[in-house]
Amino acid sequence: LHSLGMQYAERLSEQGIDVDVRATRGAADNAALLADRSARVDVAFLVAGVASPQQAAGIANASNLFHVPLLCLGREPSGEVTLAGLKGKRIAVGAPGSGLNAVLQPLLAANGLTPANTTMLEVTPEASVLALASGGADAIFLAEGAGSPELARALDIPGARILDFPRAEAYERRFQHIVRLRLPRGTLDLARGIPDRELALIGTTVMIATREDTHPTVVDLLVDSARQLHSGQGLFEKRGEFPNLHDVDDVPLSAQALQYAREGPSLLRRYLPLWVADALHRAIVLAVPLLAVMIPVVRYLPAILDLAGRRRLFLGYARLRRVERALRARDPESSADDLLQELDRIEESVTGVKESVTKAGELYTFRVHARVVRDAVSARGKASQAAHEGRAASGLARAREAS
């Protein structure tokens with residue numbers, strides 16, 4: 001998996017993304033690191049069945065890549081093996097933290113194999129092959145492909161052969177992450193006829209997984225890389241069978257990967273460099289909520305401004321009413337000069353209203369109404385003045401008569 005990680009890193013680096021490839025003990029370690037937020041791991045290769053339900057809850061399957069067989073090698077004369085038949089023997093089950101070890105444990109437990117009744121050698125593939133060659137192990141398990149040097153060395157051991165799983169279909173039906181595989185005669189080595197008969201095997205699926213919060217662009221690039229690297233024919237895969245997005249265990253499928261597989265790259269990604277497309281995408285994502293807020297504001301802005309413009313008219317009418325009330329409450333013979341001054345101030349305040357076409361009628365109407373009030377106040381003022389002059393003339397006449 002480390003060499004596969006280097007291939008993905010090379011393709012992502014071509015798009016300007018720096019990748020730090022970490023070496024681990026295997027897929028089980030990868031699942032733990034990916035689920036641990038403090039580990040700062042964004043992407044990892046997993047094997048179906050290694051992630052616990054708690055780990056699976058925080059990660060997502062971006063793509064299934066290929067099948068990997070769980071090969072059992074030994075010196076069984078019949079060429080067949082059942083896990084239950086390995087009870088009491090010495091078997092190499094993979095190193096702790098490896099995907100092989102994690103996948104095998106529930107299968108061995110289902111067949112009643114425990115460390116109390118069976119010697120389980122938790123060692124690396126290299127050590128497993130050496131144990132089989134030296135007689136330190138009765139059977140070993142390898143999760144290796146056709147080009148694996150460990151598998152080639154194991155098949156060179158005199159008498160060693162890949163054992164057949166007669167109950168392969170039962171495992172496929174009992175365990176969601178297990179697949180039944182078929183290996184025709186001579187597939188591994190046509191010249192030597194290895195295997196010497198058609199084999200029924202069990203295996204699982206390798207996937208590339210991400211954290212739930214991994215950037216969508218990174219997920220898209222991983223899907224693209226998977227198509228480039230895994231769409232061909234393999235030892236157990238037909239051309240075009242992989243990569244795919246099928247449920248293979250408890251790890252949920254990535255929603256972003258499903259969308260990208262269905263719709264393909266965005267219009268920006270098709271015609272622009274990655275960094276430009278990503279920057280524009282971020283800008284659009286930020287602009288959409290702003291537009292959602294701004295469109296109603298822009299829609300109602302003219303009405304708000306119009307209301308603000310009419311505020312002076314409304315205040316002017318309120319002041320006109322107060323002038324009218326004050327006029328009615330006064331003695332008919334009292335002076336109205338202060339009311340005329342207030343009317344001057346009212347008309348002066350309204351002159352600041354912008355005389356747009358939409359407000360012209362209202363402004364002229366206000367001026368007419370102000371003129372009506374002014375005439376009433378002026379008439380009261382003239383009446384008051386006439387009464388005052390009448391009283392003055394009457395007093396003058398009385399003074400003359402007295403003289």
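Arg211 counts as buried because its relative accessibility is 10%, where buried denotes under 20% relative accessible area, exposed over 50% and partly exposed in between (1.4 Å probe, protein chains only). The model is predicted: local features need pLDDT of at least 70 and side-chain atom pairs count only at pLDDT 80 or more, while totals for chains, interfaces and linings use all residues. Residues are numbered from 1 along each chain as its sequence is written, and side-chain values use heavy atoms, with hydrogens and water left out.

The chain contains 13 helices and nine strands, taken as DSSP runs numbered from the N terminus (helices H or I, at least four residues; strands E, at least two). Arg211 belongs to strand S9 (residues 199-211). Leaving aside residues up to four places away in sequence, Arg211 touches Leu34, Arg37, Val41, Asp42, Gly58 and Ile59, a contact being heavy atoms within 4.5 Å.

The structure holds 17 salt bridges, each a side-chain nitrogen of Lys or Arg within 4 Å of a carboxyl oxygen of Asp or Glu. One of them joins Arg182 and Glu198 at 3.1 Å, N to O. Arg182 lies in strand S8 (residues 179-183) and Glu198 in the loop between S8 and S9, so this pair ties together parts 16 residues apart in sequence.

Another salt bridge, also given as N to O, pairs Arg319 with Glu342 at 3.1 Å. This pair links distant parts of the chain, with Arg319 in helix H11 (residues 274-329) and Glu342 in helix H12 (residues 337-350), 23 residues apart. Salt bridges with shared partners also join Arg37, Arg211 and Asp213 into one network.
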